[in-house]
2 protein chains.
Amino acid sequence: MLKELPLSQVYQLLKPGPVVLLTTAHKGRTNVMAMSWHMMVDFEPPLVACIVSNRNFSFTALRSTKECVIGVPAVRLAPKVAAAGNCHGKNIDKFRNLGLTPLPARLVDPPLIAQCFANLECRTVDGRMIDKYNLFVIEVVKAWVDPAQKEPKTIHHQGHGKFAVDGAVIALRSKMR
Amino acid sequence: MLKELPLSQVYQLLKPGPVVLLTTAHKGRTNVMAMSWHMMVDFEPPLVACIVSNRNFSFTALRSTKECVIGVPAVRLAPKVAAAGNCHGKNIDKFRNLGLTPLPARLVDPPLIAQCFANLECRTVDGRMIDKYNLFVIEVVKAWVDPAQKEPKTIHHQGHGKFAVDGAVIALRSKMR
């Protein structure tokens, strides 16, 4: 049973820079891709910028529908994340192929991913940088976490199939949000 | 002795989403801030997007001079990174205050940071999103690494002074760059 996360806390999920999964739905088909090129843009409402290459099958879906879901995977999903980056959504059902379970979202058409510890329902709010950079500015309109996944460790893609897993967490006196 | 890094490899430094330090130089003063809101935009030439809040002293410097340096700190610099986020450059010399050593860059005025394991000299190439989002698109024009820092572990800011340190690295078959 997913639990709603206050939108004011969304930045804590993306600020550390984990690999995420991005889902889209277009013309009756869903798709999922792995994504590392994303960043927070504002706290609340949470705005995110991301690069979805026009070589990705997801690009046309996101540009056309202006909707996506960002799923945040913990380390146990790393093999599926790598596999998601290795196949093209044009010819296969990647959810089925990867063994990922789609769940209905509340406010957008693209599905949540049951196996992710957090899912963010998003809508494109600024498309001015799409043509030049494949850069979408999206707003998180609803956020979910899976309370069953305690202290999930995220993964960070270093390139060439190498992923750094979160290790120790250090606490320092900081006013940075 | 810093070593030049091919620009084609820059994405491997920023893709995993580490906290970085950003230096600027303006009207005879240098400054440094901590930054987590950044992402890669293109591979080569390496383009990066970043959010520098207009509440930061660095904002005016970056907007005016269109130059900055991104330093990537390893975990041993974590206390300085947190401290950089806790003070405002308007009233103090943050390099001196934090015990960071500025080094001359090759192509831009802002300094490299001797203690960082990588330093990226950058110029703003697109300022269209500054007014609305404080979003700068910058190009990395020269990149340096410190060969003396072997296998540096980066840190990822989770908010409220908590930083995840890179832990294990897992290798998976992946075609993702």
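How many salt bridges does the rule find across the interface of chain A and chain B? The rule finds two. A salt bridge here is a side-chain nitrogen of Lys or Arg within 4 Å of a carboxyl oxygen of Asp or Glu. Lys132(A) forms one with Asp126(B), with the closest N and O atoms 3.9 Å apart.

This is a predicted model, in which local features need pLDDT of at least 70, side-chain atom pairs count only at pLDDT 80 or more, and totals for chains, interfaces and linings use all residues. Residues are numbered from 1 along each chain as its sequence is written.

**The interface**

Chain A gives 54 residues to the contact and chain B gives 54 residues; contact means heavy atoms within 4.5 Å. The area buried between the chains is about 5,000 Å², and carbon and sulfur atoms give 64% of that. Buried area is the accessible area (1.4 Å probe) that two parts lose on being put together, summed over both.

**Strand β5 of chain A**

Strands are DSSP runs (E, at least two residues), numbered from the N terminus. Five of the five residues of β5(A), residues 47–51, are buried, so the strand is largely enclosed by the rest of the structure. Buried means under 20% relative accessible area (1.4 Å probe, protein chains only). Leu47(A), Ala49(A) and Ile51(A) cover one side, and Val48(A) and Cys50(A) the other.

β5(A) pairs with two strands, as tabled. Pairing needs at least two DSSP bridges.

A hairpin of four residues joins β4(A) to β5(A).

How values were computed. Chains are lettered from A and ligands numbered from 1 in the order in which they are written. Side-chain values use heavy atoms; hydrogens and water are left out. Buried means under 20% relative accessible area, exposed over 50%, partly exposed in between (1.4 Å probe, protein chains only).
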